[in-house]
Amino acid sequence: MRSIRKRTSALVACAALLGCQEPPPSPLPAAGNAAPVRGGELRLASAFDIKSLDPAVASDALTGEAIELMFAGLVDFDDAGHIVPDLAERFERSEDGTTYRFFLRDNIFFHDGSPIRAEDCKRTIERALHPDTPGSFSLFYDRIAGFEDYQNKKADHLAGVVVEGERVLAIHLREPDATFLPAFAMQILRPVCPSAGDRYDDTWTPCGAGPFKLESWDRGRTLRLVRFDKWWQPGKPYLDRITYSYSMNIVTERYKLETGDLDTDRELSLPDTFRYQNDPRWKLLGEYDVIPSINGEEMNVEMAPFDNVEIRRAVAAAIDRDQIRMLKTPSLIPLYRVLVPSLGGDDPNFPAQKHDYAAALEHMRRAGFPYDPATGKGGWPKPITYPVYKQGLYELSAQLLQQQLAKIGLRLEIKVVSFPTYLMMTKRRGTTAMAPAGWQQDYPDPNDFFEPIFTTSAINDEDSNNGAFYSNPRLDDLVVRGRRELDAAKRKAIYDEADAIVCSDAPWAMEYQYRYYGVHQPYVKGLRQSAVWPNYVRDVWLDKPRALAMRRAPRGILATLEGLLR
Amino acid sequence: MIRRALRRIVWAVLVVWATTTITFFINNVLPSDPARMVAGPQARPRDIERIRKQLGLDRPVLEQYGRFMRRLVHFGPPNPSPKDAEHGTCATLGRLHFDLGKSYQQRRPVTTILGERLPRTLMLALAAVLVQTLLGVLTGLIAAAKRNTAIDHLTVGASLVGISAPTFIIGLVLQFVLAHRLRLLPLDGFGETTSQHVAAIVLPALTLGIYGAAYYTRIVRDELIGAIKMDHVRTARAKGLPAWRVWMKHALRNALVPLVTLIGLDLGALVGGAIVTETLFRWPGLGALSVTALLDRDGPVVMGTVIISSAGIVLANLLVDFSYALLDPRVRR
């Protein structure tokens with residue numbers, strides 16, 4: 001007991017020493033301008049690092065933030081995730097849905113000053129989808145006519161991408177595909193400068209047509225972008241420069257926000273999140289980024305005991321999502337079905353998965369493994385290996401899940417492994433019966449939450465994205481139909497049915513959607529919540545008072561000692 | 001003497017080769033897929049397969065090893081272009097080429113990455129060793145001179161704290177007090193100019209140095225207490241030499257011999273990178289690089305950092321051996 005008290009005191013002392021006990025300092029003031037002001041440098045940071053700035057090969061969200069600023073597409077997304085023209089002034093779809101035609105704006109330029117023509121867009125697409133390019137998402141575009149021949153090096157060009165004039169690009173698909181446009185609006189096929197050439201090359205210096213251009217990139221440390229003055233939107237962007245600092249410790253990030261050396265902090269620790277959320281001066285300066293994602297438990301339908309659908313249903317009913325949310329209340333939104341509200345999953349009467357302990361016990365009985373909570377007897381007789389990788393939330397949620405499933409007679413044996421090992425174990429056939437799983441939208445379309453993870457075509461012996469190895473011909477058919485269907489109302493009905501099948505067959509037990517909380521200084525204006533892009537700063541402007549020194553003064557030795565002693 | 005030195009050098013090369021080989025095979029039998037790590041967790045299997053082939057990971061491990069060793073040191077044209085398919089990733093010394101391949105994640109030559117990181121790590125290692133040596137010798141000397149007094153107890157106690165406290169705690173406290181509150185030093189980073197580099201290196205060097213200094217303090221104190229009782233020191237005192245001269249010239253010199261070994265070994269170990277300190281202070285050295293490479297299963301970078309680390313330790317050992325011979329004539333016999 002004494003030892004526990006001692007340890008707790010030591011921990012409190014340590015926390016106080018590092019400033020955990022104090023309320024955050026007051027935010028730095030804004031000048032109070034109502035209209036956007038041009039100029040200034042926005043300073044952002046992350047604990048992680050980016051690996052490539054070539055849109056053809058970049059595959060992580062953090063890199064995507066910078067690419068969104070440096071590379072503009074023919075089309076982009078508005079805040080709600082709808083497709084809007086960008087470098088193209090307009091676009092049209094043919095009646096049968098197999099041809100998209102993009103009409104480029106006048107006087108649009110690459111960062112090197114050369115004009116953007118339809119020919120450049122074709123060159124970019126062929127460069128990104130060439131089989132020698134080490135890109136990860138070429139299959140988003142497999143419906144483009146001639147894709148297979150091009151990928152198999154039977155053709156030198158993509159037959160479906162046709163230049164119809166200096167400013168007109170047509171893309172022909174081999175069948176209607178409702179996912180084409182959202183996938184095309186992503187960053188992979190965004191026009192790159194002529195210096196990129198026809199084929200991917202590691203030594204290329206990134207150069208695109210976005211509102212900001214590359215000034216310098218010190219790998220692992222800093223990325224500096226400066227305003228591109230020939231950007232097609234007059235008066236935009238507002239900022240002179242954006243500086244990203246990478247690989248920064250999250251404690252340092254907070255220190256720098258407080259001293260005015262960073263303008264936003266989107267990687268607050270959980271205690272710091274509470275500190276800022278509970279402080280009335282900072283509360284209104286916080287915002288959430290919610291990029292659609294699903295997280296839950298993946299159950300391998302080819303391995304016992306989850307080859308029995310009743311056991312899977314028992315798991316889905318035994319999980320108390322509200323309890324899981326309590327592990328990280330600011331970040332977790334309970335999830336009961338595949339489609340999140342922003343993708344059409346907003347029907348309150350939908351037959352979703354839900355926590356129902358009595359039903360879970362009943363499913364166990366039907367499965368042939370009844371469990372008696374009073375005596376603790378019954379249930380599945382063997383322990384189930386449950387791999388998690390060292391990531392704070394998974395390690396906690398695994399323990400909670402272990403407790404929740406023990407109440408229906410399923411015993412989990414938690415095995416902590418590295419992330420690469422976890423990926424290998426969960427994506428290889430016949431290796432793992434149950435594991436935590438997550439999927440973040442690649443592009444905003446309901447198809448992206450079914451085809452890559454729940455269909456038969458997504459099953460592979462190795463690297464299977466369908467880690468549940470779940471196969472249902474009815475679902476496969478619905479997904480194919482949903483992809484071809486161009487009518488929004490009909491698509492919604494199709495994906496609702498697909499969602500109901502997944503909820504009932506329970507290859508996954510849904511748990512939560514993740515969101516990120518961040519705070520910014522009051523002078524950072526124009527931050528927008530995008531349904532697609534995290535940390536969206538394209539239209540940010542700075543409302544800094546001119547006369548005021550924006551950097552907070554040091555505290556001085558006496559104040560520091562006082563802080564330490566408090 | 002020369003034969004012995006040559007034998008030591010041959011052994012050193014063998015040790016580096018063995019370490020490299022063992023690491024290569026461990027790296028290749030780990031249950032993970034570098035191609036998946038490159039492609040990202042949501043990549044489609046066909047794209048992953050394509051990337052696996054592009055990286056040559058579909059070839060048998062022995063074939064990969066053979067290619068790695070053949071490419072490691074070879075001859076080629078001087079100053080090849082970065083776009084040269086055969087030699088674009090090589091570091092060159094005239095016609096002598098060193099090639100560690102291309103990083104899976106950064107898609108840049110590993111020799112280029114190491115070339116950027118190694119000088120920064122060496123800078124930090126030297127600064128840290130300097131701090132720990134100066135601090136350790138000074139406090140050890142004071143503790144020995146004031147043996148069994150309150151100052152001695154305080155110094156020994158403080159050194160115990162220094163040895164016991166994890167580096168990241170020391171680093172966090174120093175960062176909080178000196179950088180965040182007092183704003184005397186930068187919180188992290190490397191800086192752009194020489195003066196900024198100097199300011200930026202202080203905190204990481206202090207963090208590493210305090211731990212080492214605590215250890216050195218105890219060693220110097222104990223060695224000095226032993227040395228001060230030796231005959232030649234007693235003679236020096238009897239000759240009427242001032243106390244400071246007796247301590248500094250006659251006692252300390254002997255006490256420093258075991259310290260030379262430690263300094264050499266510490267320097268060698270630090271060349272491999274101080275992982276925690278570099279990560280905490282965003283110091284762009286080999287430590288932070290190696291840990292990222294390990295987590296990402298970036299095989300070529302892992303191999304590069306292992307070769308540098310093992311070579312650093314082996315070289316430091318060699319230098320320690322040779323310096324022993326210089327410091328202590330008995331070893332030369």
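Biologist: In the largest nonpolar core of this predicted model, which residues touch the most other members?
Modeller: That core holds 85 residues. Helix H3 (residues 118-129) of chain A gives the largest share of this core, 5 residues. The residues that touch the most other members are A:Ala66, A:Met70, A:Leu87, A:Ile242 and A:Val540.

Biologist: Leaving aside neighbours within four places in sequence, which residues is A:Met70 in contact with?
Modeller: A:Met70 is one of the core residues that touch the most other members. With neighbours within four places left aside, its contacts are A:Leu53, A:Pro206, A:Gly208, A:Gly210, A:Phe212, A:Lys213, A:Leu214 and A:Leu225.

Biologist: How many residues are in the other core that lies apart from it?
Modeller: Members of that other core include A:Tyr255 from chain A, and B:Ala144, B:Phe281 and B:Ala316 from chain B. Its size is 63 residues.

Biologist: What is the order of the strands in the open sheet of chain A?
Modeller: The sheet has 4 strands and mixed pairing. Its edge strands, each pairing on one side only, are E1 (41-45) and E8 (212-218) of chain A. From one strand to the next the twist averages 15 degrees. The order is E1-E10-E9-E8.

Biologist: Which helix of chain A packs on the sheet?
Modeller: The helix touches E8, E9 (222-227) and E10 of chain A. Its direction makes about 140 degrees with that of E8(A). It is helix H2 (residues 61-70) of chain A.

Biologist: Which residue in E10(A) stands opposite A:Ala45?
Modeller: Strands of a sheet pair through backbone hydrogen bonds, either parallel or antiparallel. E1(A) and strand E10 (residues 241-245) of chain A run parallel, joined by 5 bridges. Opposite A:Ala45 stands A:Ser245.

Biologist: Is A:Leu42 buried or exposed?
Modeller: A:Leu42 is found in strand E1 of chain A. Not counting residues up to four places away in sequence, A:Leu42 touches A:Leu239, A:Ile242, A:Asp263, A:Val537, A:Val540 and A:Leu542. A residue needs 20 or more C-beta neighbours within 10 Å to qualify as buried. Because A:Leu42 has 23 inside 10 Å, it counts as buried.

Biologist: Why is E19(A) largely enclosed by the rest of the structure?
Modeller: Strand E19(A) pairs with strand E13 (residues 293-299) of chain A in the antiparallel sense, over 7 bridges. In that pairing A:Ser293 has A:Gln440 as its bridge partner. E19(A) is largely enclosed because of its buried residues, which number 5 of the 7.

Biologist: Which element supplies the largest share of the side of chain A that touches chain B?
Modeller: The contact takes 44 residues from chain A and 42 residues from chain B. Those of chain A divide into 17 nonpolar, 18 polar and 9 charged. Helix H6 (250-259), helix H13 (419-427), strand E19 (434-440) and helix H17 (556-565) of chain A each supply at least two residues. The largest share, 5 residues, comes from H13(A).

Biologist: On which residue is the kink in helix H10 (residues 243-271) of chain B centred?
Modeller: The kink is about 50 degrees. Buried residues of H10(B) include B:Trp247, B:Leu252 and B:Val271, and the buried residues of this helix pack against H5 (110-145), H8 (194-227), H9 (231-238) and H13 (299-327) of chain B. The kink is centred on B:Leu252.

Key. Residues are numbered from 1 along each chain as its sequence is written. Chains are lettered from A and ligands numbered from 1 in the order in which they are written. This is a predicted model: local features need pLDDT of at least 70, side-chain atom pairs count only at pLDDT 80 or more; totals for chains, interfaces and linings use all residues. Two strands pair if DSSP finds at least two bridges between them. Axes are lines fitted to C-alpha atoms, for helices over the stretch in contact, and angles run from 0 to 180 degrees between N-to-C directions. Two residues are in contact if their C-beta atoms, placed from the backbone, lie within 7 Å. Ala, Val, Leu, Ile, Met, Phe, Trp, Tyr, Cys and Pro count as nonpolar, Asp, Glu, Lys and Arg as charged, and the others, Gly among them, as polar. A nonpolar core is a set of buried Ala, Val, Leu, Ile, Met, Phe, Trp, Tyr and Cys residues joined through C-beta atoms within 7 Å. A residue is buried if 20 or more other C-beta atoms lie within 10 Å of its own, exposed if 12 or fewer, and partly exposed in between; C-beta atoms are placed from the backbone. The bend at a residue is the angle between axes fitted to the seven residues ending there and the seven starting there.
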